[in-house]
Amino acid sequence: MKIRGRVWKYGNNVNTDVIFPGKYTYTITDRREMARHALEDLDPGFASAVQPGDVIVAGRNWGCGSSREQAAICLKEAGVGAIVAESFARIFFRNALNEGLPVITCPEAVAALQTGEMVEIDLEASVIRRGEDSWPFPPLSESALGLIREGGLIPYLRRKLSGQNSEGNLKAVEEGGSAKDSRH
Amino acid sequence: MGKTFAEKALARAAGLPEVTAGQVVDARPDVVLSHDNTAAIARTFRSLGVSRVKHPERLAITLDHAVPAPTTQHAQNHAEVRQFVAEQGITNFFEVGRGICHQVLSEEAIVLPGQLILGADSHTTHFGWMGAFGAGVGRSEVAALWATGELWLRVPESIRIILEGELPLGVTAKDFALRIIGDLGADGGTYASIEFSGSGIEAMTIESRMVLPNMMAEMGAKNAYIAPDAAVFDWLAPRLARRTGRPLEECRAQVEAGALYPDPDARYIAEYRYEAAALEPYVACPHSVDHVVPLSQVAGTRVHQAFLGTCTNGRLEDLAAAAAVVKGRQVAPGTRFLVIPASSQVLQEAMRLGYIQTLVEAGAILGVPGCGPCMGNHMGIPAPGEVTISSANRNFQGRMGTREAEIYLASPAVVAASAIRGVITDPREL
């Protein structure tokens, strides 16, 4: 699986409230409408300009705060192809994979990449490329890749419960990326 | 090698003789929590093609986030939740006005020491106050839990935080929680199980103990833990007896039997030690929970709204602290003081003890038990340009409904004192 798109770069501790405001949590139920509010309180221009495949690049602790899964849904629906960060908050990390949205921990790429640059991410080869430059990242587990291929936990589970494709094993998905960097 | 609380609790929940940090297990929670988001989870659940929840007796559902319904859409959402509850035969359902999920499930003794509770709410870490393993998960995972009864979890590494000695006058569990998050950072506990211990923790009231695990969500913890003692058993047993109609002694034995304690030689990835006497009141400044400073640095900052409530600090002792501060005084002109008890039981006790009378006499506005304005859904939403001081757990930009407002976090007494002066105030000065 390869993802190609432009970089949108943000800082540390981007929280779920600025990704998807709490005031919409019980009034917006349509996924496309969720996408129109993606990152509204951090970067009001994002939702209307983001293109399919674009990549969010951010610092530490992306997605801290609420358990609201809409924070992952709105980005996925807006077309975000992957998020590359120094580290992720644990519930967001799980929610993203459960929505089939790749979350990649790679501080070296975060340091180098800037808004507007074109990148390609090869999920199987575990590498991020920008022109001649490339940065390897810790491989996603087979089960994480499986979730991404399936389009998330619910499509995966739907098939499993209906007796198809019951080979999958979600147990090896690991939370938090390389969160040990921030474990003190 | 000895085992941490997390290793013991997740071994039990997975039905394994022992597990070690880093291991991934299929865990079967004793309780699965959801609130106003139950309707959305129910839609996802139905999309799985499953018609019945596997263990309806393990579900606990409250309506608390936007209650009573402020709009037709919210009302429709609540109606869908009630329909799902009726259709699935869920008995642990708590209607609008009963209170905030973490408070209500504690008061009803639905979660017990040593149990695993997974909730579609990030502050499910709360249940560490009684020595239960509480972790937040997303909506898809709760739908999966309803369908299958289990979920994979990685056993977290553990961090130990020790508090020695007695907190000085005017310094609370909230101040300690803010200090920890300020010191370690918003990602300082990412993915870890936080174990609290020390004489300062043991000396805390039950209500104060609830503050610490609740707030640990704000530094990324998976769960938090305080060793349950006789005070915890005494608090839970009569509540379990009341809810189940079983004899008190039997309930007390059950509550005690589940308790888990870490081994003395358990392995920790970090340890932090605090002296209670060296702590002071702290405030978290906009727009980050780890932007923590001593209260003295921001004293005098103008506030338009003071908000007392939420799952962090909306309990009886919080209302008592606020009532003691405002008694015989008046809320400052140009400032609003919003008080929302965490539950109907808290409200009734506060009425019986006169705290509500005192607060309303001072000019406070009383709200229906629930989450209120904490997440910008309902009531007490600030105008752009306004400043709120809040006893809640989160001060992110836009959190309370508009990105052009600022939120400071503090203890209930500081919130009350700030309401009286109209500026951030140390209650010890009043």
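Start with helix H3 of chain B, residues 72–88. It lies across strands E3 (59–62) and E4 of chain B, at about 155 degrees to E3(B). Helices (H or I, at least four residues) and strands (E, at least two) are DSSP runs, numbered from the N terminus. Axes are lines fitted to C-alpha atoms, for helices over the stretch in contact, with angles from 0 to 180 degrees between N-to-C directions. Contact means heavy atoms within 4.5 Å.

This is a predicted model: local features need pLDDT of at least 70, side-chain atom pairs count only at pLDDT 80 or more, and totals for chains, interfaces and linings use all residues. Residues are numbered from 1 along each chain as its sequence is written, chains are lettered from A and ligands numbered from 1 in the order in which they are written, and side-chain values use heavy atoms, with hydrogens and water left out.

**The five-stranded sheet**

Select E4, E3, E2, E5 and E6 of chain B, in that order: they form an open sheet with parallel pairing. Two strands pair if DSSP finds at least two bridges between them. The edges are E4 (93–94) and E6 (133–136) of chain B, each pairing on one side only. Now pick E2 (31–34) and E5 (116–119) of chain B, joined by three bridges. Here B:Val32 stands opposite B:Leu118.

**The four-stranded sheet**

Next, show E10-E9-E8-E11 of chain B, an open sheet with parallel pairing. E10 (223–226) and E11 (270–275) of chain B each have a single partner strand, so one side of each lacks a neighbour in the sheet. Zoom to E8 (158–164) and E9 (193–197) of chain B, which pair over five bridges. B:Ile159 stands opposite B:Ile194 there. Helix H6 (173–184) of chain B touches E8, E9 and E11. Helix H8 (206–216) of chain B touches E9 and E10, at about 160 degrees to E10(B).

**The interface**

Show both chains. 44 residues of chain A contact 57 of chain B. Together the chains bury about 4,300 Å², 52% of it on carbon and sulfur atoms; buried area is the accessible area (1.4 Å probe) that two parts lose on being put together, summed over both. Four salt bridges cross the interface (a side-chain nitrogen of Lys or Arg within 4 Å of a carboxyl oxygen of Asp or Glu). Select A:Arg94 and B:Glu141: this salt bridge has its closest N and O atoms 2.8 Å apart. Finish on helices H1 (16–19), H5 (90–98) and H8 (153–161) of chain A, each supplying at least two residues of the side that touches chain B.
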